[in-house]
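Dear colleague,

I am passing a structure on to you, and I would be glad if you could look it over before reading my notes below.

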Amino acid sequence: MGIRNIVFDFGRVLVDWNPRYLFDKVFPTVEESERFLRDICTMDWNVQMDCGKPYSVGTEELSRLYPEWREQIMLYDSRWFEMMGDEIPGMEVLLEEITAKGLHRYGLSNWSAEKFPRVRETYPIFRHMEGMVVSGDVKAIKPHPAIYRILMEKYSLTPGECLFVDDNKDNVQGALDVGMNAVLFTGADDLRKYLRDNGIL
């Protein structure tokens, strides 16, 4: 393959993030929590903040649409960090193996520019990254080609020498479309096997 660089998504690849961690505590039942996140604070809505919209603006706009849910909507900003879980099991050790092999490590993630700095400071796993591009900083988002090209240009990377790792099939396809190699993340052990089977690790 000629892989020299491995590019990692962050959420559910390096660290766990799930709005249910917060809203399962807020609502009396998991069914109500699930319904709220499916119908009100949806993933499509969350993408706006990943693209750079401040959470204060996004939550205020949504509250005007759903005034009866205002109290819960505002928690998406004020208690956002309660959506964070642990580092993904096994990834710290795998990153150490990847580093020891001499492979370069980069990050490419859809994440709010205002929320990510605390995440980066909190989780030691990010120390393995040599560089990163976060969607909220560059106002571009996966799987659109622009954000992959921003990473390539920023760090002078050749797409064919990069392996992109993401848990989202659309984002994996987006990387393939710009000439990168890519693999769908299903866990640290599966990724290690893929790297070994392909002579990368």
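This is a predicted model: local features need pLDDT of at least 70, side-chain atom pairs count only at pLDDT 80 or more; totals for chains, interfaces and linings use all residues.

Residues are numbered from 1 along each chain as its sequence is written, and side-chain values use heavy atoms, with hydrogens and water left out.

The chain holds 11 helices and 7 strands, these being DSSP runs numbered from the N terminus (helices H or I, at least four residues; strands E, at least two). Its C-alpha atoms fill a box of roughly 55 × 30 × 25 Å along the principal axes. Of the 201 residues, 49% are buried, meaning under 20% relative accessible area with a 1.4 Å probe, protein chains only.

As for the pair, helix α3 (residues 43–50) packs with helix α4 (residues 55–65) at an angle of about 150°, their axes lying 9 Å apart; axes are lines fitted to C-alpha atoms over the stretch in contact, and angles run from 0 to 180 degrees between N-to-C directions. That makes α3 roughly antiparallel to α4, a term for angles over 145 degrees. On the α3 side, Trp45, Asn46, Gln48 and Met49 make the contact, and on the α4 side Tyr55, Gly58, Thr59, Glu61 and Leu62, where contact means heavy atoms within 4.5 Å.

With kind regards

Methods. Angles under 35 degrees count as roughly parallel, over 145 as roughly antiparallel, 65 to 115 as roughly perpendicular and the rest as oblique. Buried means under 20% relative accessible area, exposed over 50%, partly exposed in between (1.4 Å probe, protein chains only).
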